[in-house]
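Please keep the sequence and the structure in view while reading the points below.

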Amino acid sequence: MDIEAIKGISLVDFLHRLGYDPTGRDSKGLWFYAPYRSERKPSFHVNPRKGIWFDFGSGAGGDIFTLAGELCNSSDFIRQAEFIAEKMQMPI
């Protein structure tokens, strides 16, 4: 598992691999339904150029590692990296 390779993964590709596709776009990025909670209106925003996300419904945000932490319910960096590698079918 190469941390630099994981950092290079697009958040949009990661979310797509998890089964989430954008519901709309604006000048700064794409809108999604939050992948870790239920909501009626998309409030999860991804800025693909910066590689960051922000959930306007919960106030959480960050990079691919913090998103993985939300999804696997872990603040452990190694666990987050393993989760991403597993979902993206990368060798661990």
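Predicted model: local features only at pLDDT ≥ 70, side-chain atom pairs only at ≥ 80, totals over all residues.

Two strands are said to pair if DSSP finds at least two bridges between them. The protein chain contains 4 helices and 5 strands, and its pattern along the sequence is α-α-β-β-β-β-β-α-α.

**Overall form**

- The radius of gyration of the protein chain is 13 Å, close to the 12 Å that the globule rule gives for 92 residues, so the chain is as compact as a globular protein of that length.
- The C-alpha trace spans about 35 × 25 × 20 Å along its principal axes.
- Of the 92 residues of the protein chain, 36% count as buried.
- Among contacts with a separation of 6 or more, 33% come from residues 24 or more positions apart.

**The sheet**

- The 5 strands form an open sheet, in the order E1-E2-E3-E4-E5, with antiparallel pairing.
- Strand E1 (24-25) and strand E5 (61-62) are the edge strands, and each of them pairs on one side only.
- Strand E2 (residues 30-32) pairs with E3 in the antiparallel sense over 3 bridges.
- E3 and E4 also run antiparallel, and 4 bridges join them.
- Across this pair of strands, His 45 stands opposite Phe 54 in E4.
- The hairpin of E3 and E4 has 4 residues between the strands, and in this hairpin Gly 51 takes a positive phi near 70°.
- Strand E4 (residues 52-55) pairs with E5 over 2 bridges, again in the antiparallel sense.
- Phe 54 has Gly 61 in E5 as its bridge partner.

**The two faces of strand E3**

- From E3, Phe 44 and Val 46 point one way, whereas His 45 and Asn 47 point the other way.
- All four of these residues, Phe 44, His 45, Val 46 and Asn 47, are buried.

**Helix H3 between sheet and helix**

- Helix H3 (residues 64-72) packs on the sheet, where it touches strand E3 (44-47), E4 and E5.
- The direction of H3 makes about 45° with that of E4.
- Two packed helices are described by the angle between their axes and the distance between the axes.
- For H3 and H4, the angle is about 90° and the axes are 9 Å apart.
- Angles of 65 to 115 degrees count as roughly perpendicular, and H3 is therefore roughly perpendicular to H4.
- On the H3 side, the residues that meet H4 are Ile 64, Phe 65, Thr 66, Ala 68, Gly 69, Leu 71 and Cys 72.
- On the H4 side, the residues that meet H3 are Phe 77, Arg 79, Gln 80, Ala 81, Phe 83 and Ile 84.
- Sorted by class, the contact of H3 with H4 has 9 nonpolar, 3 polar and 1 charged residues.

- In helix H4 (residues 77-87), the residues Gln 80, Ala 81, Phe 83, Ile 84 and Ala 85 are buried.
- Helix H1 (3-7), helix H2 (11-17) and H3 are among the elements that cover the buried residues of H4.
- After H4 comes Gln 89, whose phi is positive, near 55°.

How values were computed. Residues numbered from 1 in each chain as written. Heavy atoms only, no water. Contact = heavy atoms within 4.5 Å. Axes fitted to C-alpha atoms, helices over the stretch in contact; angles between N-to-C directions. Buried < 20%, exposed > 50% of the residue type's maximum accessible area, 1.4 Å probe, protein only. Parallel < 35°, antiparallel > 145°, perpendicular 65-115°, else oblique. Nonpolar A, V, L, I, M, F, W, Y, C, P; charged D, E, K, R; others polar. Rg over C-alpha atoms; globule rule 2.2 N^0.38 Å.
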